[in-house]
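Work through these exercises with the structure open. Try each task before you read its solution.

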Amino acid sequence: MDMYDRIKLLAREHGFSIRSLEEKLGFGNGTIRRWQTQTPGIDKIQKVADYFDVSIDYLLGREQKEDDNDSNASLLAAHIDDDATEEDIQEIMNFIDYIKNRKK
């Protein structure tokens, strides 16, 4: 998972879009999406980390949050359908849990 995916997941967990986050932080439209191909300044990464109360290392993928397994499943669910509601994501995650438990 790259930095953009982590930020997208954090935004989704907090109930808003990347665009909304950019507005809250005073970034231009598309700034965070460009981080998929361009290296952002540390000041902008710090603003995002401070906003979500996570470390820069977490955003860069150098450390894991304790609930990353759930986060990874949530990110997968969000990628299946970008317009998924929280209920849709929960249904997808329930199905993922079903598949994982079925193999035990």
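**Exercise 1. The fold**

In what order do the elements of the protein run from the N terminus on?

Solution. Start with the basis. This is a predicted model, where local features need pLDDT of at least 70, side-chain atom pairs count only at pLDDT 80 or more, and totals for chains, interfaces and linings use all residues. Residues are numbered from 1 along each chain as its sequence is written, and side-chain values use heavy atoms, with hydrogens and water left out.

Step 1. Know the terms: helices (H or I, at least four residues) and strands (E, at least two) are DSSP runs, numbered from the N terminus.
Step 2. Read off the order: α-α-α-α-α-α.
Step 3. Count by type: the protein has six helices and zero strands.

**Exercise 2. Inside and outside**

State what share of the protein counts as buried, and describe its surface and contacts.

Solution. 
Step 1. Set the cut-offs. Buried means under 20% relative accessible area, exposed over 50%, and partly exposed in between (1.4 Å probe, protein chains only).
Step 2. Apply them: 38% of the 104 residues count as buried.
Step 3. Accessible areas come from the Shrake-Rupley method with a 1.4 Å probe; for residues, only the protein chains shown count as cover. The protein's accessible surface is about 6700 Å², and 45% of that belongs to carbon and sulfur atoms.
Step 4. Look at contacts (heavy atoms within 4.5 Å). Take those between residues at least 6 apart in sequence: 47% join residues at least 24 apart.

**Exercise 3. Salt bridges**

Find the salt bridges and describe the residues in them.

Solution. 
Step 1. Define the pair: a side-chain nitrogen of Lys or Arg within 4 Å of a carboxyl oxygen of Asp or Glu. Side chains of opposite charge can pair when their charged atoms come close.
Step 2. Search the whole structure: there are three salt bridges.
Step 3. Take Arg 19 with Glu 22, at 3.4 Å from N to O. These two are three residues apart in helix H2 (residues 18-25), so about one helical turn separates them. Glu 22 has 2% relative accessibility, so it counts as buried. Arg 19, at 31%, counts as partly exposed.
Step 4. Take Arg 19 with Glu 23: their closest N and O atoms are 3.5 Å apart. Both lie in helix H2, four residues apart, about one turn of the helix. Glu 23 is exposed at 51% relative accessibility.
Step 5. Join the pairs: salt bridges link Arg 19, Glu 22 and Glu 23 in a network.
Step 6. Arg 62 is exposed, at 63% relative accessible area. Asp 57 is partly exposed, at 33%.

**Exercise 4. A loop residue**

Solution. 
Step 1. Locate Asp 53: it sits in the loop between helix H3 (42-52) and helix H4 (56-60).
Step 2. Read the angle: phi of Asp 53 is near 55 degrees, a positive value in a residue other than glycine.
Step 3. Compare with the rule: most residues other than glycine have a negative phi.
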